[in-house]
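Here are some quick notes on this one, as numbered points. Have the model open while you read.

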Amino acid sequence: MVSAITPAQVDLSVRIGSLTLANPIMPASGTFGPELAQVFDLGLLGALVTKSVTPEARAGNPLPRLAETEGGVLNSIGIPGKGLDHFIATQVPDWRRFGAPVVASLSAPTVAAFADAARRLAETPGIAAIEANISCPNLEEDGRAFAMHPEPAAAATAAMRRAVGATPLWVKLSPNTGDIAAVARAVEAEGADAVVAVNTILGLAIDIETGRPKLGAGMGGFSGPAFKPIALRMVWQCAQAVRVPVIGVGGIASAADAVEFMMAGATAVQLGTASFVSPTAMPQAIGELRAWCARKGVARAAALTGAALPATRPPVAAG
Ligand SMILES: Cc1cc2nc3c(=O)[nH]c(=O)nc-3n(C[C@H](O)[C@H](O)[C@H](O)COP(=O)(O)O)c2cc1C
């Protein structure tokens with residue numbers, strides 16, 4: 001028998017290391033901007049994850065950069081942006097207006113550049129955590145990224161850990177690896193406070209009329225609903241490989257998806273492509289998560305984390 005509680009009684013807060021978030025729902029890097037404040041109160045979100053910033057300004061990849069496919073989207077954006085100085089001077093204050101913790105996503109081409117930029121972000125007031133995007137498949141030749149193998153992932157993490165002091169450091173992993181658990185263990189060993197699983201998976205679409213790839217860059221990163229089971233499986237593997245919190249991302253569009261990822265071991269989740277389909281997907285997911293927990297008698301959403309993992313906690317009561 002499930003004891004009834006009201007939605008208002010549900011505690012949605014979660015802890016990611018030293019950081020407490022009001023709820024486990026946040027945007028996935030690069031899929032969301034402050035302009036969404038016209039649609040809903042961004043202060044409602046558990047955190048605000050920025051688009052990845054790079055040390056220097058970048059033009060991004062050749063057009064076109066987006067191609068819709070069955071059940072998802074391919075992108076080869078290539079992280080265009082005005083660089084770190086502009087980010088710190090202009091974008092951080094813009095994000096801070098909303099009151100939710102600001103998580104700065106960082107991407108860089110070398111270990112030294114990761115460390116230098118991470119140090120500057122850690123010194124910037126109002127940054128609650130750094131999310132190191134060591135997994136972007138667009139930045140390096142052949143789609144290679146640090147996160148493809150444990151050694152380069154560990155090297156980048158170690159250098160950033162030394163550079164940022166006590167600032168929370170999340171490391172975002174790539175699905176484009178043969179052994180995600182090994183990469184997760186490697187970054188945890190070098191001091192990551194959380195792992196974010198996962199970035200987009202490399203894919204391809206071809207326009208059969210022109211005989212050319214649909215994306216200007218050729219290959220791109222695949223995201224959206226069809227990607228969900230793969231991302232969920234990786235969260236499940238990471239949660240069993242590391243003790244630090246896992247933040248799940250990949251195909252999540254609703255509270256039900258969020259619960260699934262939390263049961264697989266995620267402490268919090270990020271929504272990306274879903275916000276393109278419905279700009280209110282995140283506030284809707286927060287409300288539905290609260291209602292779902294109340295209906296199930298789950299007083300603390302944090303108790304969902306790992307509920308489906310083998311030999312951990314008993315499952316949430318059915319019915
Ligand atoms: C258009 C677009 C841009 C993205 N830009 C970034 C980025 O700047 N940094 C990053 O770490 N991930 C980036 N991603 C990956 C997302 O943060 C997320 O990991 C991925 O899309 C899977 O989640 P989803 O299926 O909910 O979209 C981007 C994804 C898309 C679709």
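Predicted model: local features only at pLDDT ≥ 70, side-chain atom pairs only at ≥ 80, totals over all residues.

1. Numbering starts from 1 along each chain as its sequence is written.

2. Who sits in that shell? The ligand is surrounded by 27 residues, the closest being Ala28, Gly30, Ser223, Gly272 and Thr273 (a residue is near a molecule if its C-beta atom, placed from the backbone, lies within 6 Å of it). Strand 6 (72-75) and helix 7 (273-277) are the elements that give two or more residues to the shell. Helices (H or I, at least four residues) and strands (E, at least two) are DSSP runs, numbered from the N terminus.

3. Now look at strand 7 (residues 102-106). Five of its five residues are buried, so the strand is largely enclosed by the rest of the structure. Buried means 20 or more other C-beta atoms within 10 Å of the residue's own, exposed means 12 or fewer, and partly exposed is in between, with C-beta atoms placed from the backbone. Val102, Ala104 and Leu106 cover one side, and Val103 and Ser105 the other.

4. Strand 7 has parallel partners: strand 4 (residues 48-49) over two bridges and strand 8 (residues 129-133) over four. Pairing here takes at least two DSSP bridges between the strands. Valine 49 is opposite valine 103, and alanine 104 has isoleucine 130 as its bridge partner.

5. Alanine 132, in strand 8, is buried because it has 31 C-beta neighbours inside 10 Å. Beyond residues up to four places away in sequence, alanine 132 touches Leu106, Phe114, Ala156, Met160, Leu169, Trp170, Val171 and Lys172 (contact: C-beta atoms, placed from the backbone, within 7 Å). Its C-alpha is 7.2 Å from that of leucine 169, 37 residues apart in sequence.

6. Finally, aspartate 179 is in the loop between strand 9 (169-172) and helix 4 (180-189). Is aspartate 179 buried or partly exposed? Partly exposed, because 14 other C-beta atoms lie within 10 Å.

Key:
Contact = placed C-beta atoms within 7 Å.
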